[in-house]
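Q: Could you walk me through how to read a few features of a structure like this one?
A: Gladly; let us look at it together.

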Amino acid sequence: MTTPAPEAPVTPRSEYEYGFHDDVEALVKLPKGLSREVVNTISDIKEEPDWMRKLRLKALDHFNARPMPEWGGELGDIDFNDIHYYVRATDRDESDWDDVPDYIKDTYDKLGIPEAEKQGLLAGVGAQYDSEVVYHNIREDLEEKGVLFLGTDQALREYPDLVQEYFTTVIPPNDNKFAALNTAVWSGGSFIYVPPGVTVDIPLQAYFRINSEDMGQFERTLIIADEGSQVHYVEGCTAPIYSSDSLHSAVVEIVCKPGSNVRYTTIQNWSNNVYNLVTKRATAYQDAVMTWVDGNLGSKLTMKYPAVYLMEPGAHGEVLSIASAGQGQHQDAGAKIVHAAPNTTSVITSKSLSMDGGRSTYRGLLKVYDGADGCRSNVRCDALMLDEHSRSDTYPVMEIDEKRVDIGHEATVSKVGDEQLFYLMARGLSEAEATKMIVNGFVEPIIKSLPLEYAVEMNRLIELQMDGAIG
Amino acid sequence: MTSPLFEIDALEVAVEDKQIVNGLSLTLEPGEVHAIMGPNGSGKSTLANSLMGHPRYTIAGGDIRLQGTSVVDMPPDERARAGLFLAFQYPTDIPGVSMINFLRRAISARRGEEIPVREYRQLLNEVLGRLQMDEQFVRRYVNDGFSGGEKKRAEILQLGLLQPLVAVMDETDSGLDIDALRIVSEGINTFHSDDNAILLITHYQRILRYVQPDHVHVLIDGQIVESGDASLAERLERDGYEPFMERTKAEVLSS
Ligand SMILES: Nc1ncnc2c1ncn2[C@@H]1O[C@H](COP(=O)(O)OP(=O)(O)OP(=O)(O)O)[C@@H](O)[C@H]1O
Ligand SMILES: [Mg+2]
């Protein structure tokens, strides 16, 4: 999108290490702009069943009919006619890295993905490059147990009934403007099905990469955890630094059947020219546990509020969220929990940082329906500002329509404390080192809930961002 | 002639435009223990914090020299690395930062090089043992949820690990039970050698029975009004600050 220069130029984070891009002509690149024709073409390319095409077109109408949301971040600079809605680099989704085109494999090598897979740190890996999934593989023993982990397009071809049964059941096409957009032009994303009683012991990981300029990435992820199953899915995201903006607008739907346990971890490290507008929602049935771990470090503007709808007694929902906003960034992130059944429980823990003129917003909704008695919820959101010219806001909304509930809520906004800095400096730590230590401590409650590799990565990314901010 | 280990030279300290320390001078030679006693609000913590370089306290006049070098323009971390140490009256908690991680960073900063893990473990266990502190203690977050006594012990732990040249102890004995007072005092004594000096701020004579001072100073209204040997502390315990206050008043009136 060649948006007119915004007021504050988007300065790429000086430390951003994934800002490179591949100079290769895409195989297919639809002209810029959004129309019925574009939607139809995407559907044609994918040779989709008719119901999907209809759904897309209906969603496009929703998108066109809905106004831009005005309550979140600054969206006025997005020009929907200046985006490529579909860019395909290769025509294949491979399951062997050697078959992936070299220049794409190089990109993932730089990101360390094949290496982590080789070392057995992951149970399965998916990789999306622009609009299409270029690689998917899952450990054989899991495949034998009936675990499905593949690109959503491929799933639609190979398991059309399963996809149709769940697609848009958690997030309807008209849920919000960007969910409608995604439904209209979606491409790629992961499809996971875990059969009853099966435990996927180590994480499945997907890696999302935008390579082309002025493009929109609209992956669609659908996870179905059948009764008593267990799975941890991790996604990472990066993009090159371009002078114009890109759009990433994903939809993630998760169904947690009774007794299942799903954890979804995101480490979002988009470059500072990406609008990241994502809808994520899970439904949790009897005694199921759904956890979102949401790390937002990159992007120009992120608006994302992972949600859990607790549908049956005993269900537990949890959102652990870290956002860090540096120069030219706005992280508008949070969580949404809906207690729709009695004796359901939830925890929201949010830690947001702002530095170097960045802005972070916590936006949360806790809803308890009338009749959902015996619910317990604990909400804690803390914001830390590293300097005077950064900004932090919290908007925790509670709609509690039932009396017999136990709700705890705590919110703090603070600046890196002079007394804490002085204490550490009085022990010989430089101001920069002391600040990092305080920030690390601040995010520690969330970091420690991550598997070690991701904890290390999250800490590293936060430190990198601070290097840019505090020198 | 070599310079003294630590000199406070006609020091004036202000907080928010209010002068608290009024031309205070004190010289510490290697191997010495100096005690400062004074009523609440007389400026003891102000003095201690300003020696360490707290940004809220402005040096309005005078000088502070460590081994002959002025430190007043140094930020706190530089002073610490040069060998100054402050045991805080009210240590700040830093949630999420483990003691074990923090202490390793602090020792490495003081030494100017990373302390090897093995050496660190040994050193840590040795000092923890000496202070009769549980090894699990260092797994906790810095001062977070520590009892008053635990905080004071943690300060002495840091003293033992960092081996400064000059240690300013701001009421490290306050809030300690009888056993803890003995253990903390022993910790100070083990640290103390012919090469370093201690400035002990206290309200009570009882710690001075364990840590014997070479000099005792009485601080009133940001000035030293009387100096003497250990017997001065006993006199204070018996008669209180009243006689000294009367005297400063008289001095002020006659000047
Ligand atoms: N940050 C500050 N802002 C305003 N006044 C201050 C500040 N710090 C100290 N003061 C004032 O300076 C004076 C000396 O305080 P200080 O803490 O140095 O006393 P102290 O001798 O350590 O007392 P105590 O025995 O109670 O610890 C007091 O009147 C106090 O109110
Ligand atoms: Mg004091």
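A: We can begin with handedness: a crossing is left-handed if the near helix is turned anticlockwise from the far one by less than a right angle, and right-handed if clockwise. By that rule, α9(A) passes α10(A) in a right-handed crossing. Some conventions before we go on: this is a predicted model, in which local features need pLDDT of at least 70 and side-chain atom pairs count only at pLDDT 80 or more, while totals for chains, interfaces and linings use all residues. Residues are numbered from 1 along each chain as its sequence is written, and chains are lettered from A and ligands numbered from 1 in the order in which they are written.

Q: What angle do the axes of α9 and α10 of chain A make where they cross?
A: Two packed helices are described by the angle between their axes and the distance between the axes. Axes are lines fitted to C-alpha atoms, for helices over the stretch in contact, and angles run from 0 to 180 degrees between N-to-C directions. Helices and strands are DSSP runs (H or I, at least four residues, for helices; E, at least two, for strands), numbered from the N terminus. Here α9 (residues 418-425) and α10 (residues 431-447) of chain A cross at roughly 120°, their axes coming within 9 Å. That makes α9(A) oblique to α10(A); angles under 35 degrees count as roughly parallel, over 145 as roughly antiparallel, 65 to 115 as roughly perpendicular and the rest as oblique.

Q: How do α2 and α8 of chain A pack?
A: The axes of α2 (residues 50-65) and α8 (residues 177-185) of chain A are 7 Å apart, at an angle of about 150°. α2(A) is therefore roughly antiparallel to α8(A), and their crossing is left-handed.

Q: And what is the angle between α4(B) and α5(B)?
A: About 135°, with 10 Å between the axes of α4 (residues 117-130) and α5 in chain B. α4(B) is thus oblique to α5(B), in a right-handed crossing.

Q: Which residues come nearest to ligand 1?
A: A residue is near a molecule or strand if its C-beta atom, placed from the backbone, lies within 6 Å of it. Of the 13 residues around ligand 1, the nearest are B:Asn40, B:Gly41, B:Lys44, B:Ser45 and B:Thr46. Helix α1 (residues 44-52) of chain B gives the largest share of this shell, 3 residues.

Q: Is α1(B) buried or exposed?
A: A residue is buried if 20 or more other C-beta atoms lie within 10 Å of its own, exposed if 12 or fewer, and partly exposed in between, with C-beta atoms placed from the backbone. In α1(B), 9 of the 9 residues are buried, so the helix is largely enclosed by the rest of the structure. Just after α1(B), B:Gly53 has a positive phi of about 95°.

Q: Where is B:Asn143, and what is its phi?
A: Most residues other than glycine have a negative phi. B:Asn143 is not a glycine, yet its phi is positive, about 60°. B:Asn143 sits in the loop between β8 (141-142) and α5 (148-162) of chain B, and counts as buried because 22 other C-beta atoms lie within 10 Å. B:Asp221 also has a positive phi, about 50°, and lies in the loop between β11 (215-220) and β12 (223-228) of chain B.
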